[in-house]
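I opened this entry to record what I looked up in the structure.

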Amino acid sequence: MNTGPGLFSDIGKKAKDLLTRDYLTDQKISVSTSSVTGVAITSSATKKGGLSTGDVGAVYKYNNILVDVKVDTESKIATTLTFTELVPSTKTIASFKVPDFNSAKVEVQYFHCHATLASAVALSQTPTIDVSATIGTPKFVIGAEAGYETSSGRLTKYTAGISMNKPESSASIILGDKGDTLRASYIHHLDQSKKTAAVGEIIRRFSLNDNTFTIGGSYAVDHLTVVKAKLNNQGKLGALLQHEIIPKSLVTLSSELDTKALDKTPKFGLALALKP
């Protein structure tokens with residue numbers, strides 16, 4: 001299922017991840033472990049401002065079925081069931097939260113060597129249907145997605161995108177927000193491990209006549225340490241350092257500074273992910 005063009009959500013994902021992943025302005029700690037029965041358990045706690053939250057999750061895989069259950073401090077239980085190859089070349093994902101039964105959702109993904117198709121249905125009192133499709137190859141992808149609200153009979157969204165990929169680079173253009181936003185991005189990896197890279201992104205909002213330019217990158221100091229930085233034309237500067245303190249356990253320090261308002265206090269974040 002990995003030899004085709006990939007899902008529509010994968011278009012532009014590499015550049016987006018480099019500009020957003022691991023940047024945080026809160027404090028978070030998580031501890032992951034595995035039992036002898038194959039159950040992976042993760043406990044996490046997050047402090048954002050004066051609010052603290054936490055959750056405990058368990059993941060278990062049996063043959064082609066993956067069960068993911070998470071319980072948070074507000075007594076909400078989120079469950080996701082993933083069935084791989086329930087029907088050949090498909091993945092089926094069912095999710096729901098207790099006690100919010102209107103959050104139930106079923107998604108089916110179909111993979112072909114030259115196309116993918118995904119459809120998701122929200123099982124609520126006002127069901128919505130999301131459909132996306134791509135055609136092409138791993139090197140060249142064109143796709144679109146749309147959302148439909150059955151109660152009102154209107155389209156909630158429609159988006160189109162195109163992506164060109166090479167082993168060391170990826171470029172994409174996405175027209176979204178019902179044609180109001182144009183997003184173009186390019187990422188280029190500078191080493192074989194793909195830990196050192198440069199990225200650029202331009203976002204044009206037609207209704208606001210506004211442009212946002214962002215450049216960023218990552219650099220592998222050594223095999224245990226990575227630094228990242230990004231800056232946009234609005235003066236927002238972000239930076240982070242991530243270090244593997246022990247195998248599979250990471251500590252991440254990040255900060256955000258408004259270079260056009262240096263009198264404001266910079267924001268700082270800290271994340272500790274332990275996998276004993």
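Predicted model: local features only at pLDDT ≥ 70, side-chain atom pairs only at ≥ 80, totals over all residues.

Strands. I started with strand 9, residues 128-136, and strand 10, residues 140-149, which run antiparallel and are joined by nine bridges. I noted that the two form a hairpin with three residues between them. For one pairing I looked up Ile 135, and its bridge partner in strand 10 is Ile 142.

I then followed strand 10 to strand 11, residues 154-166, and found 10 bridges, again with an antiparallel run. Here I looked up Ala 146, whose bridge partner in strand 11 is Tyr 158. This second hairpin has four residues between its strands, and in it Gly 153 takes a positive phi near 70°.

Asp 10. I placed Asp 10 in the segment before helix 1, which covers 13-20. Is Asp 10 buried, exposed or partly exposed? I have Asp 10 down as partly exposed, because its relative accessible area is 39%, and the cut-offs are under 20% for buried and over 50% for exposed.

Core. I listed the largest nonpolar core as Ala 15, Leu 18, Leu 19, Ile 187, Ala 197 and Val 199, six residues. Helix 1 and strand 14, 197-205, are the elements that give it two or more residues. The largest share, three residues, comes from helix 1. Last I checked Val 199, which touches Ala 15, Leu 18, Leu 19 and Ile 187, among others including Tyr 186 and Thr 214.

Terms used:
Residues numbered from 1 in each chain as written. Heavy atoms only, no water. Pairing = 2+ DSSP bridges. Buried < 20%, exposed > 50% of the residue type's maximum accessible area, 1.4 Å probe, protein only. Core = buried A, V, L, I, M, F, W, Y, C linked by side-chain atoms within 4.5 Å. Contact = heavy atoms within 4.5 Å. Lists of a residue's contacts leave out its neighbours within four places in sequence.
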